[in-house]
Amino acid sequence: MHDPKGAAAPAASTGRLRRFRFALAAIVPLLVLWYVLTSVTHTISPGRFPSPNDVLQAARQISRGNGYAGGTLAAQVWQSSKLVLMGFAVAVGTGAPLGLLMGWSRRAEALLNPAFLLVRPIPPLAWIPLAILWFGLGDGAKIFVIWFAAFVPALINSYTGVRNIDPTLVAAARVHGASRLQLVTHVLIPGSMPMIFTGLRLSMQASWTTLVAAELVGAIFGLGHVLIVASLDIYPGMILYAMVWVGIMGALMTKALALLERRAIPWRG
Amino acid sequence: MFTNVKRSFRRRDQEVLALDDVSFEVGEKEFVAIVGPSGCGKTTLLRMAAGLDFPTSGSVRVGDREVSGPGPDRAVVFQQFALFPWKTVEENIAFGLRCRGIDADARSRIVASYVELMGLQGYERAYPQQLSGGMQQRVAIARSYALDPDVLLMDEPFGALDAQTRVVMQEELIKLCRVNPRTALFITHSVEEAVYLADRVVVLTRRPGRIREILDIASVRRREGWDTYERIEEVMDLESFVHLRTRIWRLLRERQEDAAPAGIAVKSA
């Protein structure tokens, strides 16, 4: 605490190394087990679950030439990531400010809360049919559905963030001469920042979940589309490979958010 | 400053009187402490002076103006410090100056002088949670003093500190007030603290808070030469100090026994 630079740095790096070793210790045996069960003992039939070799083959196929299901891996991953980021941005851009507003102003809360309560219980995926009717199979429909899914956690958490701000801090800002705008920029937003980031993490997860589901139902491109085509082709290797990439992209974006959070909230830790 | 102030709250359809007919005045550069049992409305009195709360009837004036909200002529030090966790020590002290639109150069000059005065050198860029309670309260006092207010309002500023730190802070506050005298209203539940720091002590009764008595400490302090002693324990050993302290204790206790049945009745209703 008193010497954050001197003492904490080496401790953190050895901690990271140790955690990496633990992660290896968990993953390597699983990979070995997977190889043994599918390719040595043949306990699991290749029709149900692909062997490592099947997955490698699928990986080779989708990264070359015309790829698979209408594009190469890079193109499919880019398509899905792009939609997730756009849907996420729209959802956070509307949800977080609305949450802040509802947390701050009783009047805004009274006005918006009924509509919110009505829309909230509708599962985001239930919007897919309407979205397809309105926007077709293109990008617009997916962004629309992601918006509904990712909007809710962004709103609720920023709302809670404002509500949890110590009222004494608001009083302190007022007695030291803060205007309404200064109250928002110096107290409200930084004060709810930790909760806003919790909302962003949940929104990011919701965005990926929803996108893949939407692409399964109706898309001409993207990782979800790869999954459904591979399923129709009875191609387990490709199914698993596409799933792995959904996992990788989701994890990368969550990690990016965590890095952003550490920069945005330097006072914590 | 306070004339015939009454303040009542509605609690579950019942009118609860918190303060009843409180009138007193704080002179220019005078240090007045308010003591009373918890729930007697002493914090409410201070909040009214700060413009964060308003009397149900009667009036609160500062100078010749009725208090209608927080103002640049009054600064508050809160019991829980109420520092902004997301701002560094420097930024916290500069907050009020920034709200008043004082330019960066003048701001950093003023901040530097208070950092030095309060012994905060070396901690300018630390965040409040990296500091001890005593250090945090120094920052809060600096933040209020930096505004150069006419009136300093302190709500049990040392209540959250451990006993040793508390004594140090009391001695420092006395020194600060000698160097830099302000009109001060100081809320405390510590009788010793009130007698040691104040020119006059206002003793309040249990709810509804009424003025029991106002004691003149300044004349005793001058007559007995309290200010010639460096340390608080030396002053506290003086017969004149013990005498005043015992008198206030008696005033508080008498009233408590009278009012106890009424207090219970309010709670059970």
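Predicted model: local features only at pLDDT ≥ 70, side-chain atom pairs only at ≥ 80, totals over all residues.
View 1. Polar contacts are present: 4 residue pairs, both members at pLDDT 80 or more, are counted between chain A and chain B.

**View 2. The side of chain A that touches chain B draws on helices α7 and α8.** Helix α7 of chain A spans residues 167-175 and helix α8 of chain A spans residues 180-217. Each of these helices supplies at least two residues of that side. The largest share comes from α7(A), with 7 residues. Sorted by class, the side of chain A that touches chain B has 12 nonpolar, 8 polar and 2 charged residues.

**View 3. Chain A and chain B bury about 2100 Å² between them.** Carbon and sulfur atoms account for 67% of this buried area. In chain A, the residues that lose the most area to chain B are V175(A), H176(A) and W267(A). Together these three make up 35% of what the chain A side buries. Counted by contact, 22 residues of chain A meet 25 residues of chain B.

**View 4. Helices α3 and α6 of chain A pack against each other.** Two packed helices are described by the angle between their axes and the distance between the axes. Helix α3 of chain A (residues 73-104) and helix α6 of chain A (residues 139-163) pack at an angle of about 35 degrees, and their axes are 6 Å apart. The crossing of α3(A) with α6(A) is right-handed. Their contact has 21 nonpolar, 7 polar and 4 charged residues.

Methods:
Residues numbered from 1 in each chain as written. Chains lettered and ligands numbered in written order. Heavy atoms only, no water. Contact = heavy atoms within 4.5 Å. Buried area = accessible area lost by both parts, 1.4 Å probe. Polar contact = N/O pair within 3.5 Å; in protein donor to acceptor, adjacent residues only side chain to side chain. Helix = DSSP H or I, 4+ residues; strand = E, 2+ residues; numbered from the N terminus. Nonpolar A, V, L, I, M, F, W, Y, C, P; charged D, E, K, R; others polar. Axes fitted to C-alpha atoms, helices over the stretch in contact; angles between N-to-C directions. Left-handed = near helix turned anticlockwise from the far one by under 90°.
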